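Student: Could you take me through this structure feature by feature, giving me the general idea each time and then the case at hand?

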Amino acid sequence: MYFTSVDSPLGPLLLTAGPDGALTSLSVPGQKGGRTVRDDRRRDPGPFRAAEEQLAAYFAGDLEEFRLELRAEGTPFRTRVWAALDAVPYGATTTYGEIAARAGAPRAAVRAVGGAIGANPLLIVRPCHRVIGADGSLTGYVGGLERKVRLLTLEGVMTGAVAGQPAGRPDTPAGAL
């Protein structure tokens, strides 16, 4: 198991990978439930070169879709929710209800969907920051609402709005895909 730290506009990012080099987590400082480095991990930037290059391009505004091998372990339900997150395109937002529907769960399962989204171990790369409330509010983000605003602003969805206010631009309705 490997780890490295990558500088970013959001602060240092902690990346972990399995023995095969597949990215297993990406955490930000202070993240609720974020990863920590365990004794059985080895610092080695080698397995993370592609991730580091793609993250730099993303933060520079030059990359809209990550092409990395990801390996996150979760329940079958979480895996379906995470696959639905992967389908939300750059520069768009979606709602918890829409993610529930894409994951094959009833809209009433939005709480469970929120829990699965909150358990996403691959922040930024698996775009949980693109999920907003049905009313357009930002709702929560395990990396902190300030980081969610920064990511959505980078992607052109917001102009730096305040947490709790609708996230859509005037020409892009909130929840539009």
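Tutor: Let us begin with burial, where a residue under 20% relative accessible area is called buried: Arg41, at 15% relative accessibility, therefore counts as buried. Please keep in mind throughout that this is a predicted model.

Student: Where does Arg41 lie, and with which residues is Arg41 in contact?

Tutor: Arg41 is placed in the loop between β3 and β4, and, once neighbours within four places in sequence are set aside, its contacts are Met1, Tyr2, Phe3, Thr16, Ala17 and Thr24.

Student: What is the general idea behind a sheet, and what is the order of the strands in the open sheet here?

Tutor: Strands of a sheet pair through backbone hydrogen bonds, in either a parallel or an antiparallel sense. Here an open sheet of four strands has the order β3-β2-β1-β4, and its pairing is mixed. The edge strands, each pairing on one side only, are β3 (23-27) and β4 (42-43). Strand β1 (residues 2-6) pairs with β4 in the parallel sense over two bridges, and Tyr2 stands opposite Arg42 in β4.

Student: How does this sheet sit within the whole, that is, how many helices and strands does the protein have?

Tutor: The protein has five helices and six strands, which run from the N terminus as β-β-β-β-α-α-β-α-α-β-α. Of its 177 residues, 46% count as buried, and among contacts with a separation of 6 or more, 58% are between residues 24 or more positions apart.

Student: Is the salt bridge of Glu155 with Arg130 made by buried or exposed residues?

Tutor: Glu155 and Arg130 form a salt bridge whose closest N and O atoms are 2.8 Å apart. Glu155 lies in the segment after α5 and Arg130 in the loop between α4 and β6, so the pair ties together parts 25 residues apart in sequence. Glu155 counts as buried at 5% relative accessibility, and Arg130 is buried with a relative accessible area of 5%.

Student: What does a buried charged residue look like when it has no salt bridge, as with Lys148?

Tutor: Lys148 is in helix α5 (residues 145-154), where Arg147, Lys148, Val149, Leu151 and Leu152 are buried, and the buried residues of this helix pack against α1 (49-59) and β6 (131-132). The nearest side chain of opposite charge to Lys148 is Asp135, 10 Å away, whereas the backbone oxygen of Leu138 lies 2.6 Å from a polar atom of the Lys148 side chain. Beyond four places in sequence, Lys148 is in contact with residues including His129, Val131, Ile132 and Tyr141.

Methods: Residues numbered from 1 in each chain as written. Predicted model: local features only at pLDDT ≥ 70, side-chain atom pairs only at ≥ 80, totals over all residues. Heavy atoms only, no water. Buried < 20%, exposed > 50% of the residue type's maximum accessible area, 1.4 Å probe, protein only. Lys, Arg positive; Asp, Glu negative; His and termini not counted. Salt bridge = Lys/Arg side-chain N within 4 Å of Asp/Glu carboxyl O. Polar contact = N/O pair within 3.5 Å; in protein donor to acceptor, adjacent residues only side chain to side chain. Contact = heavy atoms within 4.5 Å. Pairing = 2+ DSSP bridges.
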